[in-house]
Amino acid sequence: MERDLAVRLDGVGRRYGMGGPWVLRHVDLGIRTGSLVRVEGANGSGKSTLLRLLAGIDAPSEGRVSGRRRTAFVPERFPAALPFTALGYLTHMGRVHGLGAGAARRRASEWLELFGAGGYGRTPLSELSKGSSQKVAVAQALLAEPDLLVLDEAWTGLDAPARAALDRAVADRTAAGGAVAFVDHDPSRLRGMADETYAVVGTALNRRTAEGTSASGGARVRGGPVVLVEVQGPRGAELPEAVAESVVRWLPAAPDGTTRLTVPRPHSDRILRELLTARPPWHVVAVSATADAGSREAPGEGRGEEL
Ligand SMILES: Nc1ncnc2c1ncn2[C@@H]1O[C@H](COP(=O)(O)OP(=O)(O)OP(=O)(O)O)[C@@H](O)[C@H]1O
């Protein structure tokens, strides 16, 4: 239904300049609220072009973009030469997104802290390192709590803790009902979490259908494809209930604190989200697809007989 969409593209095409070649053509796409959408494609295929159309900072040459909800965008290249300090810029962006002055300043500080850039609040944007400037670019999009968040290589240049903070922020956004569309050169970025994956091929946008992604909700799947997930929880923490109910089996924490979960592939997105949005969050160390459930058994597993 229309009200379940964060943005919709009908017959959209884009080419640059008069009579230039079509980059995208006949693209039909609806992005559902609360969904995480990955866009893939070769270099120069048109991924950024698509994201700019989704974000509304570019207009199609043909076709129609409609129903766009409140949107924030992290561009591939952040214009760092703006005449603001980091905090001044974020506060300004908060105001642009409709926050009051106090709330904008508070959220700006919080997001800078969250990305480990709290010490740079008073630094002019033009003097920030590339990584710190990228933290500001990401923070300006997140502080708006947008209904549609569009991330074009937003992880590039961030240090590991900031990348993890962005992973969690994305999971939080979708858990809160926002939609997130992203491009990243790292195929393992948010692996197993995307609800939909699309690839730009030629001028077309093709939907990649991952097997077994149609199911939703918390029902246990017996048999069928599974995903191995290695996680590290906060010290002494129990697995979140919604996760414990859905895993096929698990190996309790190893001495290094890593817990191995075997989860039904159709539910892996939701389970990863539950872990990343738990309070405090769990750290997802690795995700790997395996053969069907039951074909890989480790000694001492808690629920090995349940398939
Ligand atoms: N503003 C522009 N003016 C003219 N041509 C453009 C413009 N933006 C993109 N293009 C062209 O459109 C095509 C698609 O570019 P786009 O940046 O969307 O691809 P991409 O898949 O994001 O690439 P990359 O993986 O290298 O970031 C390329 O041929 C590019 O040169």
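A residue counts as buried here if 20 or more other C-beta atoms lie within 10 Å of its own. Keep that in mind for the helix I start with. The model is a predicted one.

Helix α3 covers residues 101-114. Its 14 residues reach 20 Å from the first C-alpha to the last, close to the 20 Å expected at 1.5 Å a residue. By the cut-off I gave, Ala104, Arg107, Ala108, Trp111, Leu112 and Leu114 of α3 are buried. Seen down the axis of α3, these buried residues fall within an arc of 160°, so they line one face of the helix. What covers them includes α2, residues 86-96, α4, residues 130-142, and α5, residues 160-175. After α3 comes Gly116, with a positive phi near 70°.

Next, the ligand. Which residues surround the ligand? They are Tyr16, Val23, Gly41, Asn43, Gly44, Ser45, Gly46, Lys47, Ser48 and Thr49. By type, this shell has two nonpolar residues, seven polar and one charged. Helix α1, residues 47-55, gives the most to the shell, with three residues.

Last, the strands. Strand β3, residues 36-41, runs parallel to strand β7, residues 179-183, and three bridges join the two. Within that pairing, Val37 has Ala181 of β7 as its bridge partner. β3 is also joined to strand β8, residues 196-201, by five bridges, and these two strands run parallel as well. There, Glu40 has Ala199 of β8 as its bridge partner.

Definitions and conventions:
Residues numbered from 1 in each chain as written. Predicted model: local features only at pLDDT ≥ 70, side-chain atom pairs only at ≥ 80, totals over all residues. Helix = DSSP H or I, 4+ residues; strand = E, 2+ residues; numbered from the N terminus. Expected span 1.5 Å × (residues − 1). Buried ≥ 20, exposed ≤ 12 C-beta atoms within 10 Å, placed from the backbone. Arc of directions from axis to C-beta. Contact = placed C-beta atoms within 7 Å. Near = placed C-beta within 6 Å. Nonpolar A, V, L, I, M, F, W, Y, C, P; charged D, E, K, R; others polar. Pairing = 2+ DSSP bridges.
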